[in-house]
Amino acid sequence: MLESLLSRTQKLSLWLTWIGGTLIVLSAFLVTLEILLRKIFNISLGGADEISGYAFGVATSFALSFALFERAHIRVDALMGVIPRKLHSVINLLGLVLLVGFALVVTTMVWGMVGDTLKHSSRSITPMRVPLAYPQIPWLLGWVLFVISGVLLGLVAVKRFFTGDTTGVQELIGVKSIDEQIQDESV
C-alpha cells in the first residue's frame, strides 16, 4: 500500500513540476514581451516582474518533491567514503529526516503566513494589488506535497531497511552513483 501511494505521489510531483516549468516559460515570454514593448513602443504592461516572481516561487515549491524523488537535492557526502557501507542506509535516512524536518518547519511558517493573508485579505503593495492568497496557496501546496513525499519516502525506506533491503533503501533515498548520474545525463 505504501509503495502504491508513493508511486502516485511521485506521478503527482512530476505533473506539478511540468506545471511549474510551464509557469516559468510563460513568465519568460511575458518578461520578453514587456522588454520588447518598452524598447519598441515605450509602453509597459506593468507587473511582469511581479507575476514572474510569483511563478518562480510556485514553480520552485512544485518541483521540490520531484527533486526529492529524483535524489537531486544537493548533499554533502564527504564522510560517506570513510563510513562503513552498512551505515549508509541509516545515514541516508537521517539525512531525509533532517530535510523533511526542515521542510516541515518551513511549511508550518508558510501555513501561518497564508492564514494571516486570508484573515486580513492582504494584497501586494504594487499597482497590481494582487490578492496574495492567489500565489501563496499554490506555493503552500507545493511545500505540503514536499513534506508528504518525504514522509512517504521515509516510511518506505524504513520498511525496506527492516526487511533487509539495503539496496532498495539506497535506490530510494541514497546518493546517486556516478553511473546513475551519467545515465541520467545521457537520457
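From the N terminus on, the elements of the protein chain follow the order α-α-α-α-α-α, which amounts to six helices and zero strands. Here helices (H or I, at least four residues) and strands (E, at least two) are DSSP runs, numbered from the N terminus. The radius of gyration of the protein chain is 20 Å, well over the 16 Å that the globule rule gives for 187 residues, so the chain is more spread out than a compact globule. This radius is taken over C-alpha atoms, and the globule rule is 2.2 Å times the number of residues to the power 0.38. Along the principal axes, the C-alpha trace spans about 65 × 45 × 30 Å.

The model is a predicted one, in which local features need pLDDT of at least 70, side-chain atom pairs count only at pLDDT 80 or more, and totals for chains, interfaces and linings use all residues. Residues are numbered from 1 along each chain as its sequence is written, and side-chain values use heavy atoms, with hydrogens and water left out.

Of the 187 residues in the protein chain, 33% are buried; buried means under 20% relative accessible area, exposed over 50%, and partly exposed in between (1.4 Å probe, protein chains only).

Next come the aromatic rings. A pair of such rings is described by the distance of the centres and the angle of the planes. Rings of Phe, Tyr and Trp (its six-membered ring) pair if their centres lie within 6.5 Å; planes under 30 degrees apart count as stacked, over 60 as edge-to-face and the rest as tilted. Tryptophan 143 and phenylalanine 146 are separated by about one helical turn, because they sit three residues apart in helix 4 (residues 133–162). Both tryptophan 143 and phenylalanine 146 are buried. The rings of phenylalanine 161 and phenylalanine 162 have centres 5.5 Å apart and planes at 80 degrees, so this pair is edge-to-face. Phenylalanine 161 counts as partly exposed at 29% relative accessibility, while phenylalanine 162, at 67%, counts as exposed.

Serine 89 is buried, with a relative accessible area of 6%.
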